[in-house]
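Q: Please go through this model with me term by term, setting each value against its definition before drawing a conclusion.

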Amino acid sequence: VNVEKLVEMGSPFINLELAGEPILVVGAFFKEIIGHVHGAVSVGPFACLPSRVVESILSQESNVNNKVMLEKDDKYLKLTPSEQLPFLALELDGNPFPQIVEARIEAFCLQVERLHKCA
């Protein structure tokens, strides 16, 4: 794993002084999305602060514009520039998923399928 590249990709969204997993997860999302994966699911324990930081950043910033900015490549512009990239954050506490979480998973799957057809 090229940690330096992950930190570079995550640094526009997280201050480098906030060392830890959030910058690596955000960087990995933007490095791998579209090219190697069509969607990403962040799974964390209930009330985990690093997982919530990742969720708060990627739920707002996971779009084609940011992918193009980070990759410095316009090959992704055939997608709608402001289109959200498939990202889903799940918090697990050991209980079965409620219906709303199952609906979010289904919506995520549809978003991944749509991106796969366009990319």
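A: Contact here means heavy atoms within 4.5 Å, and helices (H or I, at least four residues) and strands (E, at least two) are DSSP runs, numbered from the N terminus. This is a predicted model, in which local features need pLDDT of at least 70 and side-chain atom pairs count only at pLDDT 80 or more, whereas totals for chains, interfaces and linings use all residues. Residues are numbered from 1 along each chain as its sequence is written, and side-chain values use heavy atoms, with hydrogens and water left out.

Q: What makes α1 and α2 a contacting pair, and which residues in α1 meet which in α2?
A: On the α1 side Val3, Lys5, Leu6, Val7, Met9 and Gly10 take part, and they meet Ile23, Leu24, Val26, Gly27, Ala28, Phe30 and Lys31 in α2. By class, this contact has nine nonpolar, two polar and two charged residues, where Ala, Val, Leu, Ile, Met, Phe, Trp, Tyr, Cys and Pro count as nonpolar, Asp, Glu, Lys and Arg as charged, and the others, Gly among them, as polar.

Q: Why are α1 and α2 called roughly perpendicular to each other?
A: Two packed helices are described by the angle between their axes and the distance between those axes. Axes are lines fitted to C-alpha atoms, for helices over the stretch in contact, and angles run from 0 to 180 degrees between N-to-C directions. Helix α1 (residues 3-10) and helix α2 (residues 21-32) pack at about 90 degrees, with their axes 7 Å apart. Angles under 35 degrees count as roughly parallel, over 145 as roughly antiparallel, 65 to 115 as roughly perpendicular and the rest as oblique, and α1 and α2 are therefore roughly perpendicular.

Q: What is the pattern of the protein, read along the sequence, and why is the protein called as compact as a globular protein of that length?
A: The secondary structure comes to five helices and two strands, which follow the pattern α-α-β-α-α-β-α along the sequence. The radius of gyration is taken over C-alpha atoms, and the globule rule is 2.2 Å times the number of residues to the power 0.38. The protein has a radius of gyration of 14 Å, close to the 14 Å that the rule gives for 119 residues, so it is as compact as a globular protein of that length.

Q: Why does Ser51 count as buried?
A: Buried means under 20% relative accessible area, exposed over 50%, and partly exposed in between (1.4 Å probe, protein chains only). Ser51, found in helix α3 (residues 49-61), has 13% relative accessibility and therefore counts as buried. Leaving aside neighbours within four places in sequence, Ser51 is in contact with Gly44 and Pro45.

Q: How do you know whether Ile34 and Ala47 are buried or partly exposed?
A: Ile34 is found in the loop between α2 and β1 (40-45), and at 10% relative accessibility Ile34 counts as buried. Ala47 lies in the loop between β1 and α3, and its relative accessible area of 48% makes Ala47 partly exposed. Each has a positive phi in a residue other than glycine, near 75 degrees for Ile34 and near 65 degrees for Ala47.

Q: What makes Gln84 count as partly exposed?
A: Gln84, in the loop between α4 (64-71) and β2 (87-92), has 31% relative accessibility and so counts as partly exposed. Not counting residues up to four places away in sequence, Gln84 touches Leu58, Ser59, Gln60, Ser62, Asn63 and Gln111.
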